Amino acid sequence: MTLLTRSARGFGVVARRLFSALVAVVGAVVTGAAVMVVVLLAAVAVTLMTGTAVHLPGVLRTWPSTENGAPAVLFEPDGTGAAVAVLVVAAVLVAVGQLWTRRSHARTPAA
């Protein structure tokens, strides 16, 4: 094997690992955003059903109100806090995924 074929094969392995890591990070951010949407909808639903205010510090504040005699929910989101929460969820998912991958590789017998 020449130096060129070894370096090309090494580049392929590195590129594959980088692509895999990028896909994992993007998937984790999308999952974090989905979790945040579910949490925000749950907060609005709790306010609408119970008639009490809900405060998620740094993320969202909702309170009941009435508009033209009909019940309504007013809310005040905090984009920065929600973005931080999404990134925290994504970081946890990536870390758990890395630990899981390492453990599964450690348990796999060598070929």
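**Figure 1. Contacts and overall fold of the protein chain.** Of the contacts (heavy atoms within 4.5 Å) in the protein chain with a separation of 6 or more, 26% are between residues 24 or more positions apart. The model is predicted: local features need pLDDT of at least 70 and side-chain atom pairs count only at pLDDT 80 or more, whereas totals for chains, interfaces and linings use all residues. Residues are numbered from 1 along each chain as its sequence is written, and side-chain values use heavy atoms, with hydrogens and water left out. The chain holds two helices and three strands, in the order α-β-β-β-α along the sequence; helices (H or I, at least four residues) and strands (E, at least two) are DSSP runs, numbered from the N terminus. Buried residues make up 14% of its 111 residues, where buried means under 20% relative accessible area, exposed over 50% and partly exposed in between (1.4 Å probe, protein chains only).

**Figure 2. The largest nonpolar core.** Eight residues form this core: Met36, Ala43, Val54, Val59, Leu60, Ala82, Ala85 and Val86. Helix 1 and helix 2 are the elements that give two or more residues to it, and helix 2 gives the most, with three. A nonpolar core is a set of buried Ala, Val, Leu, Ile, Met, Phe, Trp, Tyr and Cys residues joined through side-chain atoms within 4.5 Å. Not counting residues up to four places away in sequence, leucine 60 touches Leu40, Ala43, Val54, His55, Phe75, Glu76 and Pro77.

**Figure 3. Surroundings of threonine 47.** Threonine 47 lies in helix 1 and is buried, with a relative accessible area of 1%. Its side chain makes a polar contact with the side chain of threonine 62 at 2.5 Å. A polar contact is a pair of N or O atoms within 3.5 Å; within protein, one must be able to donate a hydrogen and the other to accept it, and residues adjacent in sequence count only if both atoms are side-chain atoms. Apart from neighbours within four places in sequence, threonine 47 is in contact with Thr52, Ala53, Val54, Thr62, Trp63, Pro64 and Val73.

**Figure 4. Threonine 80 in helix 2.** Helix 2 spans residues 79-107 and includes threonine 80. This threonine 80 is exposed, with a relative accessible area of 59%. Threonine 80 and valine 59 are 21 residues apart in sequence, and their C-alpha atoms are 7.6 Å apart in space.
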